[in-house]
Structure formats: structure tokens, C-alpha cells
Amino acid sequence: MSTGALPTAGPMMPEPLRVRSLRRETADTFTVSLDVSERPGGFPFQPGQFNMLYAFGVGEVPISISGDPARPGELLHTVRTVGAVTEALRRVGRGGRMGVRGPYGRPWPLEEARGLDVVVVAGGLGLAPLRSAILHLLRHRTEYGRVSLLVGARSPEGLLYRRELARWQEDARLKVLVTVDQAGPEWKGHVGVVPALLRDVELEPSRTVALMCGPEVMMRFTVRELERQGVPDSRIHLSLERNMKCAVGFCGHCQLVPFFVCKDGPVLPYDRLRPFINPREV
Amino acid sequence: MASSLPPIEEHPFLRGLSPEQVKAIACDVREVSFPAGALLLREGDEARTLFLLRSGRVSLELNVPGQGPRQLETLKAGDILGLSWLFPPYRWHLDARAVEPVESFALDASCLRGPSPEHPVLEPALAMRLLRQLYERLERVRMQRMDLYKVGP
């Protein structure tokens, strides 16, 4: 499987793209749409890949592409404002420009999952890199078995893509389960942790592929539950977040023992990750 | 009207036990139902029932003065509800509210723990299953306490 288009002006040269729109998702998260209309063919990418976004004069951060891979004319990123660079990206505003390098990284194994059941597990901002995979699964729905989406967040207010999530919950082609860690009386949904939702998914372990992104502790507990139910480690795929700088496997900032997460990941199967993801020395 | 839901021996909490073990544990059972919004347990009330949920969802709640009820966890069909009958002072520590219509088996605590509350004698199979439930609940609470989705250190 190809890993998508290579950047045209050298791997370290950001391409300035204009902000088409900026939508607030939660109190600290926004989705930015970048104008790629001047690029021939738009901005092709594969679900799970990321770009380096550059706030000019401030710095660069890796951000997953959260748009629809079948619509390369629309380049979307969902960003959480956690520091100087992401705050500067938020302030660029409509009509301003930010630099883009990419797409980079190993995508979700959607070819491998063809014909199998797919369980998608997202925690918090982890839904952003999975959104493109979900849109792909929906677009090619007949090529997959049962598709389940489990989503967790700190509170109802922390859920990403709330309107879209509500639409997916109404969509008979998907089983969607949403949970939050804490809620007031107005919340009529589930309260609890994400791994507990797996009990409500009918799993046929030998024909199940799991795609997972979220806080690593959440993923660790979810992997444990999937293993308990018999899903092989090689079919459990995690998207990792590390300190990516060059994004092309030169600098080593994102190194996880044998892997450069930017190049060998961010999506990796758990059978390869298992020896390296949990030890506290790594 | 007879329920179309599975009988008590097929409830996940008891599944796999012999008929004798089920009989020993579920020696005094009622089938109960609650409309949406009803309280199954009220904090401070006497705790004398173990609920085996058969359908619907229940929210475990803690009332915070000045803030109203906070939802702590959702329980659903297949789960058990109510363990405060195990230890003195045998009072519920939380509220439990039906989020949607609930059907449940209600097992009488005096039968579960034997004739003397001060010296309960639990059926070993029941004790192990309660322990497992408590352990799994502890794991979930630990995860929730970590506030995994919080940004920053």
C-alpha cells in the first residue's frame, strides 16, 4: 500500500496554505480547513496519516489529518490548543496562512481489514485521526463486516464532532457506543470507561481488527480487554503520539526503541509494540 | 405476565453455576421493574437487596450539595447493583436511578448472607463472583480517577 503523495518542495519545506475556515469543536479544540484548490489533485492522503503544521515564526507540530480521504479537495485538521504553537495556529484565523508538510506516516490498515469486523476505539482527541478511517469504512461499507465505534471522553462537553457522532448513532451501518468519565444529571448516555463498552460489542475474535487512538493508558486497558476476548495482538492497531520533529525519520526525537514513530508509525500493530510500549524506561 | 427475559440461572452473574448453587444463592428472589427516573437505591436507606439487572440502564449517582446529582457510572443488563448489604451499617452509599425502564431480579440480603448479619456466611461461589465484580469495578474506578483525557501533567 502506498503511503500517499510526497511533499513537492523537499521534505523539510512547509507549503503555505490559506485557512478556509476554522470551527470550534470543544472549549480547547478546533477544526481548521485549509485551501488546497491551487494544488493539482488537492491533498491526497490515507486515513491515519499526519501533517506537520507550521505557525510561522512560532513552531511546528504534528497533527493528524481528520478529513475524508475520498475528498482530497478538503484538508481538515482537528487541533487541541495545548501550547504556544497550537495557540498560534488557532490565532491564524480565516484567510491567514499556515505552513504544511506531509502527509507522513503509516496509515490505518484498512486493506488488511477488508472482509473483517472492525472495532474502532477512540478516546478524547483520538477520534480525530480515526475520523478519516470511519469515513472510509462508511464509504466502502459493504467491503467490511460489522463495524463498531466506541468513543470515550472526559465529559459530554469534551466529545468531538458531536453532531456527526449523533448522525453516526442513527446510522444502522455502524454500532456506536459513547461514554464519558463524568457527567451531570442532564446526560442520558453512558458513564464509565471505554474498555467497559467492549462488553456490549459482539466480537468474533478471529475475524476482528481493532483500530485505536487515545491516551496510552486507555489503550493499554482496552488492549487488555481485547486480548481477554481473544483478539490477536497482530490485529490490534494503535496510533501513537510521540515528540515528532522532522517527521521523516532523520532526527530521532520520536524514536521508540526500534521505531521512528513518524516513519514506522504512527499506526503500529500491538504485537510489534508490545515489548516497547509499557516498560517505564522507554 | 410472564417475562420474556432469560431466567435467573442465565444471568451473567450466575451463569455456569450448578442448579444447587443457584438455589443456595438465589433463595429469596423477586422480579422487579422500575420506570425511567425511578430510584432503585436511595443513599442512607437500609441496604437489603442485591439486584441482578436484566434490562435497561441504571445510573449510579452521588448527590453533591449545591451541585445536584453527579453520575458516577452506568450499569446495564448483565450487571449487578447494590453491595452495601455486605457490611455494617447496611445502608446504601449512593443513589441508583433508572435511566430507562429497568427489569431486575432482587435477591434478599438476609438470605444471601445467612441468618446472622454480624457473621455472614456467603456461598463460596457467590463470594468469588462478588469479589470479581468488585475487582473489575475497582479497575474502572482507578482509570476514571486518572482523568486520562485531561490536558497536560
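This is a predicted model: local features need pLDDT of at least 70, side-chain atom pairs count only at pLDDT 80 or more; totals for chains, interfaces and linings use all residues.
**Close-up 1. D147(B) is a buried residue with a salt bridge to chain A.** D147(B) lies in the segment after α3 (124-145) of chain B. Helices here are DSSP runs of H or I with at least four residues, strands are runs of E with at least two, and both are numbered from the N terminus. Phi of D147(B) is near 50°, a positive value in a residue other than glycine. Most residues other than glycine have a negative phi. The side chain of D147(B) meets that of R154(A) in a salt bridge, at 2.6 Å from N to O. A salt bridge needs a side-chain nitrogen of Lys or Arg within 4 Å of a carboxyl oxygen of Asp or Glu.

**Close-up 2. Chain A meets chain B.** Here 31 residues of chain A are in contact with 21 residues of chain B (contact means heavy atoms within 4.5 Å). The count between the two chains is four salt bridges. On the side of chain A that touches chain B, β8 (147-153), β10 (190-191), α4 (194-197) and α5 (216-228) each supply at least two residues. Of these, α5(A) gives the most, with five residues. The buried area is about 2300 Å², and carbon and sulfur atoms give 55% of that area. Buried area is the accessible area (1.4 Å probe) that two parts lose on being put together, summed over both.

**Close-up 3. Y54(A) and F56(A) form an edge-to-face pair.** Rings of Phe, Tyr and Trp (its six-membered ring) pair if their centres lie within 6.5 Å; planes under 30 degrees apart are stacked, over 60 edge-to-face, and the rest tilted. The count over all chains is four aromatic pairs. In this one, the ring centres are 5.1 Å apart and the planes stand at 70°, so the pair is edge-to-face. Y54(A) is partly exposed, at 25% relative accessible area. F56(A) is partly exposed too, at 42%.

**Close-up 4. F259(A) pairs with F276(A).** This aromatic pair is edge-to-face, with 5.8 Å from centre to centre and 85° between the planes. F259(A) lies in strand β14 (residues 259-260) and F276(A) in helix α7 (residues 270-277), so the pair ties together parts that are 17 residues apart in sequence. Both residues are buried.

**Close-up 5. Two arginines sit over rings.** The charged end of R131(A) sits over the ring of Y161(A), 5.5 Å from its centre. The charged end of R224(A) sits over the ring of F221(A), 4.7 Å from its centre. The rule asks for NZ of Lys or CZ of Arg within 6 Å of the ring centre and within 35 degrees of the ring normal.

**Close-up 6. S132(A) is buried in helix α2.** The helix spans residues 127-139 of chain A. S132(A) has 0% relative accessibility. Beyond its neighbours within four places in sequence, S132(A) contacts several residues, including F45(A), P47(A) and I65(A).

**Notes.** Residues are numbered from 1 along each chain as written, and chains are lettered from A and ligands numbered from 1 in written order. Local features need pLDDT of at least 70 and side-chain atom pairs pLDDT 80 or more, while totals for chains, interfaces and linings use all residues, and side-chain values use heavy atoms, without hydrogens or water.

Notes. Buried means under 20% relative accessible area, exposed over 50%, partly exposed in between (1.4 Å probe, protein chains only).
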